[in-house]
Amino acid sequence: MSFKTRFFRIINPISKCFSFGGFSGFLPAGQLVLVYHLVSDEDVKHAKHLFPYRSAAQFEKDLDFLSKNFEFINWEDYLSRKKTSRPGILLTFDDGYSEFSDVIAPILLRKGIFAIHYINPKFIDNKDMMWRNKASLIVSEIIENESLQRKLIQYTDFGNDLNHDTNSILKINYQNRKKLDDIAIHLEIDFDNYLLKNPVYLTTSQLNRLKTDGFGFASHGWDHPLYNQLSLAGQLENTQKSFDYMQEHQFLKDSFAFPFTDHLIKNDFFDSVFRQNPDLKVTFGAAGLKQDSYPKNIQRIPIEIGTYSAEAILKNEIIYYYLLKSVNKNTINRS
């Protein structure tokens, strides 16, 4: 458990006793950027072991709170740093899940709220499944099926401790992602069949329709690697491949959001990617309410944290920001 997670657990019982109005005056200058992944009332096997997603009712509750305290802005307003009567807020989503079309977009359209979605081109049209989604699906199937639990014991490196084994599956990294395919074959879990019956990601036709509806789509890397596990050449190759897709399909080329995190990413990457892509205006991390020594890299605030509401997360982020600022740790410094 990270220090920030422990801090949230300690401070939340205190912060929830106060209205957000008392916190809003302490927001750092500038527009806030929030990030979600998916919203669903269903049991999403390929995501349930990765992050806590919102139900439709919880998502609407978040939006109602945000609408009372902020002014939602679109992408053009964000880039132009449009002055707003209340703090401006940009809503973003990651990973290109199909729920954006089926659940999220109808809610946003009804409320007149813009969002930009950062997608991985490799998975559009459900041609393949992202490695982390594979891990969550495998774990879901194992937990629900005792015969798979017995079968897993026969696989090399696994034993009789179900909790340990499922955690080991969830810890498989990008470099070793082929192991997930091997485990699935051993357990007779068919990813292609799952994608056929349960479309996980957006399709090209959905992207085009949603673009017509006014939503933005931009790059989240080609296939969702953890960037600090790639060489500089690998980082640039993965990014450029996704930008080429955006160019081909006439989506946005002026922003990029790191998959997972921008932790340990060095100035060399930023200098190179901005030089190679003249249309690129900004990149996004997801470290919460923090500053960044690279001025064109902006940190987003993740909203899917435990069972906390958007209000609770923003209160706790503000307190955490000033705690870090008091010890000169509120800026990410890059080499």
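This is a predicted model: local features need pLDDT of at least 70, side-chain atom pairs count only at pLDDT 80 or more; totals for chains, interfaces and linings use all residues.
Contact, in what follows, means heavy atoms within 4.5 Å.

Let me begin with helix H6, residues 131-144, and helix H7, residues 146-153. Their axes lie 5 Å apart and the packing angle is about 110°. Angles of 65 to 115 degrees count as roughly perpendicular, and H6 and H7 are therefore roughly perpendicular to each other. Which residues in H6 meet H7? They are Glu141, Ile142, Ile143 and Glu144, and their partners in H7 are Glu146, Leu148, Gln149 and Leu152.

From H6, the residues involved are Trp131, Lys134, Ala135, Ile138 and Ile142; from H9, they are Leu180, Asp181, Ile183, Ala184 and Leu187. Here the division is eight nonpolar, no polar and two charged residues.

I turn now to the chain ends of my list, helix H1, residues 3-15, and helix H14, residues 310-326. The two axes come within 9 Å and cross at roughly 115°, which makes H1 roughly perpendicular to H14. The crossing is right-handed. On the H1 side, Phe3, Lys4, Phe7, Phe8, Ile11, Asn12 and Ser15 take part; on the H14 side, the list includes Ile313, Ile319, Tyr320 and Leu323. By class, the contact of H1 with H14 has nine nonpolar, three polar and three charged residues.

Next, the cores. In soluble globular proteins, nonpolar side chains tend to be buried together. In this model the largest nonpolar core has 50 residues. Those with the most contacts inside it are Phe59, Leu91, Phe93, Phe100, Leu108, Phe217 and Leu314. Among the elements that each supply at least two residues of this core are H1, strand S1 (32-36), helix H3 (56-69), strand S3 (88-94) and H14. The largest share, eight residues, comes from H14. What is Leu314 in contact with, leaving aside its neighbours within four places in sequence? The partners are Phe20, Leu32, Leu34, Phe65, Leu66, Phe70 and Ile301. Apart from this core lies another, of 34 residues, including Tyr53, Met130, Val139 and Leu230.

Helix H13, residues 267-276, has Phe269, Phe270, Ser272, Val273 and Phe274 as its buried residues. These pack against helix H12 (232-248) and against strands S6 (255-257), S7 (282-285) and S9 (297-299).

Finally, I would draw attention to Pro259, in the loop between S6 and H13. Is Pro259 buried or exposed? Buried means under 20% relative accessible area, and Pro259, with a value of 0%, is therefore buried. Not counting residues up to four places away in sequence, Pro259 touches His220, His224, Pro225 and Tyr227. Between Pro259 and Leu323 there are 64 residues in sequence and 27 Å in space, taken C-alpha to C-alpha; Leu323 belongs to the H14 side of the contact with H1.

That concludes my presentation, and I welcome discussion.

Conventions:
Residues are numbered from 1 along each chain as its sequence is written. Side-chain values use heavy atoms; hydrogens and water are left out. Axes are lines fitted to C-alpha atoms, for helices over the stretch in contact, and angles run from 0 to 180 degrees between N-to-C directions. Helices (H or I, at least four residues) and strands (E, at least two) are DSSP runs, numbered from the N terminus. Angles under 35 degrees count as roughly parallel, over 145 as roughly antiparallel, 65 to 115 as roughly perpendicular and the rest as oblique. A crossing is left-handed if the near helix is turned anticlockwise from the far one by less than a right angle, and right-handed if clockwise. Ala, Val, Leu, Ile, Met, Phe, Trp, Tyr, Cys and Pro count as nonpolar, Asp, Glu, Lys and Arg as charged, and the others, Gly among them, as polar. Buried means under 20% relative accessible area, exposed over 50%, partly exposed in between (1.4 Å probe, protein chains only). A nonpolar core is a set of buried Ala, Val, Leu, Ile, Met, Phe, Trp, Tyr and Cys residues joined through side-chain atoms within 4.5 Å.
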